[in-house]
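This briefing goes through a few packing features of the structure shown below. Please keep the sequence at hand while reading.

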Amino acid sequence: MKFSIFDFLRTICTTIDKTHRSNVCALTVTEVEELQNVFALLLLGSFIGLPSPPSFLAVELLPYMQKELEILNERAQDANDKMAEMFGTLGIG
Amino acid sequence: MTTLIILVGFALYLLLYFTYGKKIEKDVLKVSDDNPAPSEKLYDGVDFVPARKEVLLGHHFASIAGAAPIIGPAIAMCWGWLPGLLWVWFGNAFIGAVHDYLALMASVRYDGKSIQFVASDLMGKRTGTAFYWIVFFLLILVVAAFAAIIGGIFVRTPAVASSYAWKIGAALILGVLMYRLKMNFAVATIIGIVMLMLAIWLGTVTPIKASYTVWMWVFFFYIIIAAAIPVNILLQPRDYLNSWLLYAGLAIGFLAAVFTFKGFEIPAVSGFAPVLLGGKPTPFWPAIPLVIACGSLSGFHALVASGTSSKQLTKESDALPIGYGSMLLEGFLSTIVVVSIAGFGYTALLNAGVDAATVNMENWGAMFTKASAKVKMGGANLFVQSYADMVGASFLGFISPKFLKVLAGMWVASFAMTTLDTTNRLGRYCLVEMASPLKESATGFYNFLTNRWIASVIPAAIGVYLAASGNWLIIWGSFGAANQLIASIALMTGAGYVAKKMKSSFANVALVPAWLLWITVTAAIIWFIFAVQIGALAAKPVPGWTVLVLLIVMLVLNFVFIYDFIKSKSYKLEA
């Protein structure tokens, strides 16, 4: 494939743009994830004994929450292993 | 000489990346893109999402680069410019970068679990628990060391303090523009950079003068508040502006170092044991890892690598540039620091009031640290002035020297301040985890300890107190000891993974530096306790005993760890 300086420069600019967009959101994304966890617990907490919405409401919402449940299950498995993730996200420097 | 060293450093790192780095990739870790990375295996579109390696490299490098790769080499000038540089070059490529790379790959192979989890799996649960304790003590010492450094910068160069205050304002405005008004990203970025430059300029015309003690109080309240407010208000936009400071500092420093063509003003080697930590003769071995951390080797990096980077890796072969390559890049940053001080540091000292008869090439090792501290030109301040002078002597000399000095000061101070409130958040988390055994047995005490504000105040109060009352070089040495202890455990874990799980016949490539590092760090901590810390007790008993107790506990945990490592037989290949 023929090397093109314009394509090369375009790739550099795109990469720099993506890198900066990633940097400008990283911490905010982490906070959003925490809020998502709280939201999921509020909606489905009745299944684990939390006084959250009445069970019939939670059951009604269940089909729409499949993906959230899968993600929450994964996060629960990693819940005791958060230190390194915090180091990475907060950027100890 | 400046040009030569920079170009040699650049070439050396490139050579080692493509030879030694590739060897570890191919023969030790047996990296293959046929092995799915966690982002592919566990892809969920939320937590496990692949990122391009260039983007991940930028993010990873910004996470690990900070003030430490600048301060350490500046302090290490007491040995002359060569010993520290050799540690930055070869210690980095053969130990530090290997440490980062192994930690990243071990985490990738463990489906994105942290190095702490890997250590627990390979060595036992006790090792994982010990991590929390060592990290918590490390975080306290980080607060102490960095608060002391920033306090020293703010006192010597009040314009930096003012610039930082203006920068906080700029970060608050940027946060509103980006997250509330949802302004176009490129436009907001340009406005942010303009505000940053304005903040630096405003700092030169509105310096804030205050005493060291006042700054300690300011930092104490700043840490607690910054660690409690939502990140999108201050921390996120501030960190984004920091990344631009990093790029500017690196680019300007690199260009200036290459195009200055200046000889070095300080001796290549001043002696094996010049006066340094605690005012005592400090032997290059084993003390060098305590002095130069992040530019060559840092335990923090293992945690960062096994935190988010491993989860976002697209394929295994991306780990080499991210794990190994970014550490070499940080070493290159430290090379720029060495070059700037070696080329311009002595003149900076003379201009600050040091007499040529007091410090010269003959008595450099004996007098450098003491004389530079006397005129408040130790560590960070020496780098700030040297950097400004180096850029001023190059084709970039049209930039105002005052602006350059504040830029360099802001570079160090911004990253150090970021580290302060980050460590407070992390310290709060560690404290909660460490207190969990008390949940059932002492519920009231547990609730008190884990209260959000109490858990924030404890590491901040102890750290800032140590900074306010202690000798900052002793604190720096203690911070280095704790950091390298984590590095030693992480490298042993990575080496144990290679020996036990990979069964690679090249496992010694990892095991040998791991053992060498463990022996060096253990010897360094023992030397530090007996040669430095015990002698410091009489002058300041409370901070002295605080640091001594932390060091002793960490040393004990270190021996417990090596016992678990040997018992687990992770140190040799299984038949």
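**Helix packing and contacts**

The model is predicted, so local features need pLDDT of at least 70 and side-chain atom pairs pLDDT 80 or more, while totals for chains, interfaces and linings use all residues. Residues are numbered from 1 along each chain as written, with chains lettered from A and ligands numbered from 1 in written order.

**α1(B) with α11(B)**

- The angle between α1 (residues 2-28) and α11 (residues 235-260) of chain B is about 125 degrees, and their axes lie 6 Å apart.
- Helices here are DSSP runs of H or I with at least four residues, numbered from the N terminus; axes are lines fitted to C-alpha atoms over the stretch in contact, and angles run from 0 to 180 degrees between N-to-C directions.
- The crossing is left-handed, a term for the near helix being turned anticlockwise from the far one by less than a right angle (clockwise for right-handed).
- Thr2(B), Thr3(B) and Ile6(B) of α1(B) meet Ala257(B), Val258(B) and Thr260(B) of α11(B), contact being C-beta atoms, placed from the backbone, within 7 Å.
- These residues comprise 3 nonpolar, 3 polar and no charged; Ala, Val, Leu, Ile, Met, Phe, Trp, Tyr, Cys and Pro count as nonpolar, Asp, Glu, Lys and Arg as charged, and the others, Gly among them, as polar.

**α7(B) with α20(B)**

- The axes of α7(B) and α20 (residues 452-469) of chain B come within 7 Å and cross at roughly 45 degrees.
- This crossing is right-handed.
- Residues of the contact between α7(B) and α20(B) divide into 12 nonpolar, 2 polar and no charged.

**Nonpolar core**

- The largest nonpolar core has 221 residues, of which Ile134(B), Leu141(B), Phe383(B), Val412(B) and Ile475(B) touch the most other members.
- Helix α7 (residues 125-156) of chain B gives the most to this core, with 21 residues.
- Such a core joins buried Ala, Val, Leu, Ile, Met, Phe, Trp, Tyr and Cys residues through C-beta atoms within 7 Å; buried requires 20 or more other C-beta atoms within 10 Å of the residue's own, with C-beta atoms placed from the backbone.
- Beyond neighbours within four places in sequence, the contacts of Phe383(B) include Ile70(B), Val337(B) and Val412(B).

**Chain A with chain B**

- The contact takes 28 residues from chain A and 49 from chain B.
- On the chain A side, α1(A) gives the most, with 12 residues.
- By class, that side of chain A has 10 nonpolar, 10 polar and 8 charged residues.

Conventions
Buried ≥ 20, exposed ≤ 12 C-beta atoms within 10 Å, placed from the backbone. Helix = DSSP H or I, 4+ residues; strand = E, 2+ residues; numbered from the N terminus. Contact = placed C-beta atoms within 7 Å.
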